[in-house]
Amino acid sequence: MASTGSPPIAAGEAYEVEAIRQNDDGDGVASIHGMTVFIPFLLPGERARVRIEQVEKRFARARLVERMSDGPDRVEPRCPVFTRCGGCQVQHMAYEAQAAWKEARIRRMAARLGLEDGVVQPIEASRAPYRYRNQVQMPVRWNEAAERVEMGFFALGSHEMAVTETCLLVSAEMDDVLRRARWFLTSLGSTAQFVHHVIVRQSRATGDLAVVFAVTDDDPRVKRSVGRFHAPHVAQVSVTVQPRAHGPVWGDSIDVMKGASHLEERLCDLRVRWSPRSFLQVQADMAERLYQHVVHAAQVRETDVVIDAYCGVGVMTLLLARRAARAVGIEEVDDAIADARVNAKLNNLQNAEFVVDRVERWLPRHVAQGNRADVLVFDPPRKGVDRAAIEAAAEANVDRLVYVSCNPATLERDLRLLMARGFCVTSIRPFDMFPQTSHVECVVAMKRG
Ligand SMILES: C[S@@+](CC[C@H](N)C(=O)[O-])C[C@H]1O[C@@H](n2cnc3c(N)ncnc32)[C@H](O)[C@@H]1O
C-alpha cells in the first residue's frame with residue numbers, strides 16, 4: 001500500500017479481480033493493491049471486470065461490469081429485478097451454499113466470542129427457498145405522464161424504485177393480489193396518487209388474505225375508493241393514514257373497510273390472532289421449528305416463572321406457559337398485546353399475562369422490586385437488547401436465558417455483555433428464516449455460571 005497514506009485506488013478506475021471470499025452482506029471480497037474491495041453479486045472463485053465506485057479509508061466498493069467465470073455455487077437468479085431491488089442479496093447462489101455460508105458466519109461469530117466450535121449446531125435450512133413469506137409491503141407511485149400506478153421495491157438504502165409486478169418470496173396468491181391491486185389503483189385514476197404502500201398478509205392456516213392501503217390523505221372519499229378493492233381470498237381490506245410517503249408505513253390508526261380487523265393463523269397447535277400492526281414471523285414453517293427449539297432450549301420446569309421479552313402476539317409466551325407455573329410477555333405495540341391476550345383465551349391458557357411496555361423500562365423495575373424469574377427469553381428487533389435490559393438480566397435471579405436474534409451483529413455485542421456478566425452459552429442454532437437474503441436468525445441457549 002502507498003506509504004503516503006493515500007488510498008492505492010480511486011473511484012472510476014477499472015480492474016480485473018478474483019473474489020477470494022464473501023462478506024456478511026453477501027458481496028464478493030477481492031484485494032486490489034492490498035486494499036479490500038467489496039463487489040456485490042460476485043461469488044468466491046469468480047473473476048470479473050469491475051469499476052471502483054467508492055473509496056473509504058480501509059475498503060472500497062466496486063460495481064460488477066462483466067463476470068468472466070462462474071463459481072461452483074452460482075445459479076441463475078429467478079427474479080427479474082434481482083440486483084436492483086434491495087430485498088434479496090444472494091439469489092445468484094445455490095440454496096445449499098446460502099445456508100452453509102450463513103452457518104459459517106455464525107461459527108466465526110462464536111469463535112470471536114471464544115466459544116468452542118461444538119456450541120454451534122448445524123443450520124436449520126428452509127424447506128421453501130422461494131415463496132415462503134406471509135407478508136409483504138410494496139411501495140406504490142402514481143406515474144403522472146403514463147397515467148398509471150407503478151409498484152415495486154426500493155433499492156437498498158434509497159428511494160429508487162425497481163418496478164415489478166411480482167415478488168418470488170411471497171405466495172402465488174399474494175403475488176396475484178399485488179398485481180390486481182396495481183390494476184385496481186390505476187383504474188382509480190389520480191386518486192391513486194394518495195396511496196404510497198400496499199401491504200398484503202396471508203394466513204397459512206386459512207389461506208385468507210388481508211390488504212392494507214397506506215394513504216397520505218385522511219379524505220373519506222379516498223378511503224372509500226381504495227376500500228372497494230376485492231380479489232379472490234381477500235377477506236379484509238383496511239386503510240391506514242400516514243402522511244409521509246417515505247418513513248414509517250403505518251399511521252396511528254387503521255380503518256377496516258371490509259371484513260374483520262385480523263387474520264387467524266395456527267402455529268405449533270396454537271390458534272393465533274394476528275392484527276395488521278402486530279409482528280408475526282415471516283415464515284410460518286420455520287417459526288414453528290424455531291419456537292419448538294426455544295421451548296427445548298429453555299428447559300422449563302412446572303414451577304418456573306418465565307419472562308418473554310419482546311413477545312409480539314405471544315406465541316412463545318403461550319408455548320412456555322404450557323410448561324411453566326406462569327409466563328409474562330412484554331411488548332411495546334398495544335395491538336400485539338391485545339392479540340396476545342385474545343390468544344391466551346383462544347388457547348385456554350390462564351397462566352399467561354401480557355404487559356404493554358418497553359422492555360428496557362419494565363425489566364429493570366421488575367427486577368428492582370425483587371420479583372422472581374427463572375427463565376428469560378429475549379427476542380428483540382434488529383437493534384438488539386437495550387443496555388438497561390441486559391443489566392437487569394444480570395441482576396435478576398434468572399437461571400436460564402434464551403436469546404432469539406435476527407441480527408448476528410447485535411447478537412454478538414449482546415452475548416459479549418451477557419457473558420461478561422456471568423452467563424455462559426450452551427448452544428447456538430442458526431435458522432434460515434429468510435432464504436435469498438443475507439439475513440439469518442439464531443437461537444442461543446445460555447445458563448448462569
Ligand atoms: C423480533 S419481534 C419478536 C416477536 C415475538 N417474539 C415473535 O416471535 O413473534 C420483536 C418484537 O419486539 C417489539 N419491540 C421492539 N422494541 C421493543 C421494546 N423496546 N420493548 C418492547 N417491545 C419491543 C416489536 O414490536 C416486535 O413485536
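Predicted model: local features only at pLDDT ≥ 70, side-chain atom pairs only at ≥ 80, totals over all residues.
**Exercise 1. Find how helix 7 and helix 8 are oriented to each other.**

Step 1. Locate the two elements: helix 7 spans residues 359-368, and helix 8 spans residues 387-395.
Step 2. Take the geometry. The packing angle is about 25°, and the axes are 8 Å apart.
Step 3. Apply the cut-off: angles under 35 degrees count as roughly parallel. Helix 7 and helix 8 are therefore roughly parallel to each other.
Step 4. The crossing of helix 7 past helix 8 is left-handed.

**Exercise 2. List the residues where helix 7 meets helix 8, then sort them by class.**

Step 1. From helix 7, take Val359, Glu360, Leu363, Pro364 and Val367.
Step 2. From helix 8, take Ala388, Ala389, Ala392 and Glu395.
Step 3. Sort the contact residues of helix 7 with helix 8: seven are nonpolar, none is polar and two are charged.

**Exercise 3. Describe the shell around the ligand.**

Step 1. Count the shell: 20 residues surround the ligand.
Step 2. Name the closest: Phe279, Tyr310, Gly312, Glu332 and Asp379.
Step 3. Trace the sources. Helix 5 (315-321), strand 17 (326-331) and helix 7 each give at least two shell residues.
Step 4. Split by class: 13 nonpolar, two polar and five charged residues.

Notes. Residues numbered from 1 in each chain as written. Axes fitted to C-alpha atoms, helices over the stretch in contact; angles between N-to-C directions. Helix = DSSP H or I, 4+ residues; strand = E, 2+ residues; numbered from the N terminus. Parallel < 35°, antiparallel > 145°, perpendicular 65-115°, else oblique. Left-handed = near helix turned anticlockwise from the far one by under 90°. Contact = placed C-beta atoms within 7 Å. Nonpolar A, V, L, I, M, F, W, Y, C, P; charged D, E, K, R; others polar. Near = placed C-beta within 6 Å.
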